[in-house]
Amino acid sequence: MTSIRQFLLKFRELFLYGIIGGFCAALDYVIYTLLGHVMPYLAANVISVHCGIFTSFFLNRQFNFKVKDRTSHRFKIFYLVGLTGLGVSEVLIYLLSEQMGMSYQYSKIITIFVTALLQFLLNKFITFKKT
């Protein structure tokens, strides 16, 4: 029991980021899928990713990293990290869907995992770095 507790404490931020990220990824995916029926999937991705960015920032700020100073500055950095993830996501979805023939729903699932790892690292070491 002690080793599990130590493991969870050591990787607390990653664990919570995963839970929050899972929620935000699900939100992103649902919005993406719904909008994908009425608009081009790359445009749907832009909208759904923005919903995920805003939700993720406020949940991570409040419950995970618990860094509440300089909120405006931190949000700008978080948003830029999110836009980086959006760029990676757009390219990957395009390549997987258009070049490899994968459905836009499956390509979105793959990109969620790739961008989540990238964004966790950038947010941990840049956005929510303790000052």
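Guide: Welcome! A helix here is a DSSP run of H or I with at least four residues, numbered from the N terminus. This is a predicted model, in which local features need pLDDT of at least 70 and side-chain atom pairs count only at pLDDT 80 or more, while totals for chains, interfaces and linings use all residues. Residues are numbered from 1 along each chain as its sequence is written, and side-chain values use heavy atoms, with hydrogens and water left out.

Visitor: Which helices supply at least two residues each of the lining of the largest pocket?

Guide: They are α2 (12–36), α3 (41–64), α4 (71–99) and α5 (104–127). With ten residues, α5 gives the largest share. In total 29 residues line this pocket, and Gly21, Ala25, Ile112, Ala116 and Gln119 lie nearest its centre. (A lining residue has an atom within 4 Å of a pocket point; on a 1 Å grid over the protein atoms alone, a pocket is an open set of points where a 1.4 Å probe fits, with protein on both sides within 12 Å along at least five of seven lines.)

Visitor: Why is Ala25 called buried?

Guide: Buried means under 20% relative accessible area, exposed over 50%, and partly exposed in between, using a 1.4 Å probe and protein chains only. Ala25 has 18%, so Ala25 counts as buried. This residue sits in helix α2, and its C-alpha atom is 9.7 Å from that of Cys51, 26 residues apart along the chain.

Visitor: What makes Leu8 partly exposed?

Guide: Its relative accessibility is 37%, so Leu8 falls in the partly exposed class. Leu8 is found in helix α1.

Visitor: How many salt bridges does a search of the whole structure find?

Guide: The search finds two. One of them joins the side chains of Asp69 and Arg74, with 2.9 Å from N to O.

Visitor: And why does Arg74 count as buried?

Guide: Arg74 has 2% relative accessibility, so the word buried applies.

Key. A salt bridge is a side-chain nitrogen of Lys or Arg within 4 Å of a carboxyl oxygen of Asp or Glu.
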